[in-house]
Amino acid sequence: MTISRPSGDDQLSIEGLSVQRGGRTVVHEVTLEIPAGEVTALLGPNGAGKSSTVLAIGGMLRPATGAVRLDGRDLARRDPERIRRAGIAIVPEGHRLLTELTVEDNIRVATYPLSKEQARAGRKRALELFPELGARLGNLARSLSGGEQQMLALAQALVSKPRYLLIDELSLGLAPVVVNRLIPTIREVAESGIGVLLIEQFATVALGLANRAHVLQGGRIRYSGSASELRERPELLQSAYLLTGRHDASPDVALP
Ligand SMILES: Nc1ncnc2c1ncn2[C@@H]1O[C@H](COP(=O)(O)OP(=O)(O)OP(=O)(O)O)[C@@H](O)[C@H]1O
Ligand SMILES: [Mg+2]
């Protein structure tokens, strides 16, 4: 499938981003683009700095250096709420729902900063993408399956109609059948014009969805290029994973 590349500057540009944690630089001058209307994969072994990169883009971690450019403005070091209002939504790794509230209330909380009109449209859109949630609106979030909880986390990020969606670990803890359910929806989200950054433990899933891919290892970008090249040359990916002793095991996930 080809997705036409948006023209001009319709992208979120991360330039020379460095992040320190625990007195150590864990992300070193990372540069990558997240174009609108397509999926960009961010791969790499445990501890590579994927989550730190996403948290720094979202303003939850303060980057030591670098820029997060959108429409010619630099959003780096702004607070998370400001970055979200600029149209960047994040589903952090291990995102926690309000488990003692209902599905409806979890969606409502995410619409809080929006106008009534925007909230109604956002809720409608989220329930179109995840009809499973529509059937469970009155249920407590903690009663949902793992897959439904991930759908609700995605719905919460999508209600505000973001321009960019950064997903940290789409399939973590989910069965392959559930991952297969989510794949076409992520594709649909990108086709609607949203730029998606996808961090995903299963490289086959991420590379099946993505146009472009970046591999992080030891906080540095080791590969930036087309996802199809990385699919065809798995040794490029393996070398990054093997450096830290982690092997990428792929589940039995069929890529449509
Ligand atoms: N709260 C923290 N305090 C100090 N160091 C941290 C903290 N969280 C993560 N780190 C360190 O930062 C580095 C990057 O971690 P990060 O969580 O960004 O990696 P990751 O690529 O998301 O890994 P994973 O695949 O395991 O989720 C690691 O060396 C990690 O030990
Ligand atoms: Mg992580």
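Around ligand 1 stand Arg21, Gly22, Val26, Gly44, Asn46, Gly47, Ala48, Gly49, Lys50, Ser51, Ser52 and Glu93, a residue being counted as near a molecule if its C-beta atom, placed from the backbone, lies within 6 Å of it. The model is predicted, and local features need pLDDT of at least 70, side-chain atom pairs count only at pLDDT 80 or more, while totals for chains, interfaces and linings use all residues. Residues are numbered from 1 along each chain as its sequence is written, and chains are lettered from A and ligands numbered from 1 in the order in which they are written.

**Ligand shell and helix H1**

- The shell around ligand 1 holds two nonpolar, seven polar and three charged residues, where Ala, Val, Leu, Ile, Met, Phe, Trp, Tyr, Cys and Pro count as nonpolar, Asp, Glu, Lys and Arg as charged, and the others, Gly among them, as polar.
- Helix H1 (residues 50-57) gives the most to this shell, with three residues; helices (H or I, at least four residues) and strands (E, at least two) are DSSP runs, numbered from the N terminus.
- Eight of the eight residues of H1 are buried, meaning that 20 or more other C-beta atoms, placed from the backbone, lie within 10 Å of a residue's own.
- Just after H1, Gly59 takes a positive phi of about 85°.

**The sheet**

- Six strands form an open sheet with mixed pairing in the order E6-E7-E8-E3-E9-E10, two strands being paired if DSSP finds at least two bridges between them.
- Strand E6 (88-91) and strand E10 (220-226) stand at the edges with a single partner strand each, so one side of each is left without a neighbour in the sheet.
- Four bridges join E6 to strand E7 (residues 164-168), and the two run parallel, with Ala89 standing opposite Leu165 in E7.
- H1 lies across strand E3 (39-43), E6, E7, strand E8 (195-199) and strand E9 (212-217), and runs at about 150° to E7; axes are lines fitted to C-alpha atoms, for helices over the stretch in contact, and angles run from 0 to 180 degrees between N-to-C directions.
- Helix H10 (residues 234-242) also packs on the sheet, where H10 touches E3, E9 and E10, contact between two residues meaning that their C-beta atoms, placed from the backbone, lie within 7 Å.

**Domains**

- The domain assignment gives domain 1 (1-87 + 162-256) and domain 2 (95-161), with bounds that come from an automatic or database domain assignment.
- The centres of domain 1 and domain 2, taken over C-alpha atoms, are separated by 23 Å.
- The contact takes 10 residues from domain 1 and eight residues from domain 2.

Notes: Buried ≥ 20, exposed ≤ 12 C-beta atoms within 10 Å, placed from the backbone.
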